[in-house]
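This report covers confidence, strand pairing, core and ligand shell. The structure comes first.

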Amino acid sequence: MSRILIVYGTTDGHTRKIAEALGETFRQEECRADVIDASETGPHVRPADYDGVVVAASVHLGHYQRAVERWVRSHGEALNRRPSAFVSVCLAILEKRREARQEVQKIMRPSSIPTGAASARLRERSRITSRPAATPL
Ligand SMILES: Cc1cc2nc3c(=O)[nH]c(=O)nc-3n(C[C@H](O)[C@H](O)[C@H](O)COP(=O)(O)O)c2cc1C
């Protein structure tokens, strides 16, 4: 049975619902899925103990939750060694205005999401996952 870790950050609860729905979907696929709020992760929550990791966070005033950034930064190397995906939850992705599109691009720069290769991979994944996340899962 595959073990999946879902670490999420939320301010108003929407990303928690998305993370829990993802967890339920993985369980229906016969995986063991642990869904954990980034602000409640301790040293025992380690990517090395899982076969795959999903990180989800929402944008508030141009930033993701700090607890998510901290967790990804401290586990970047381990995240790069296994399948991982980043789910970016925001409203600007739905906008057609050029300024809004630019804002989304800015949010996905390495300075917004943690450092190094893990950042590049997560950024790329967020491009893929942002649109589906804006529609029903
Ligand atoms: C105070 C506030 C600021 C927000 N700032 C942004 C933003 O800068 N860019 C964006 O795309 N969405 C922004 N949003 C939309 C949120 O990302 C969106 O509502 C999301 O679903 C919130 O998820 P959460 O409940 O998990 O925190 C903002 C929402 C609020 C309430």
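Two strands pair if DSSP finds at least two bridges between them. Strands (E, at least two residues) and helices (H or I, at least four) are DSSP runs, numbered from the N terminus. Residues are numbered from 1 along each chain as its sequence is written. This is a predicted model: local features need pLDDT of at least 70, side-chain atom pairs count only at pLDDT 80 or more, and totals for chains, interfaces and linings use all residues.

**Confidence.** pLDDT is the predictor's confidence in each residue, from 0 to 100. The chain average is 83, and 79% of the residues score at least 70. Over residues 115-137, pLDDT stays under 50.

**Strand S1.** S1 and S2 are parallel, paired over 6 bridges. Leu5 faces Asp34 in S2. In S1, 5 of 6 residues are buried (20 or more other C-beta atoms within 10 Å of a residue's own, with C-beta atoms placed from the backbone).

**Core.** A nonpolar core joins buried Ala, Val, Leu, Ile, Met, Phe, Trp, Tyr and Cys residues through C-beta atoms within 7 Å. The largest has 31 residues; Ile6 and Ala56 are among those with the most contacts inside it.

**Ligand.** The ligand is surrounded by 15 residues (C-beta atom, placed from the backbone, within 6 Å of it). The closest are Asp12, Thr15, Ser58, Cys90 and Ala92.

Definitions and conventions. Buried ≥ 20, exposed ≤ 12 C-beta atoms within 10 Å, placed from the backbone. Contact = placed C-beta atoms within 7 Å.
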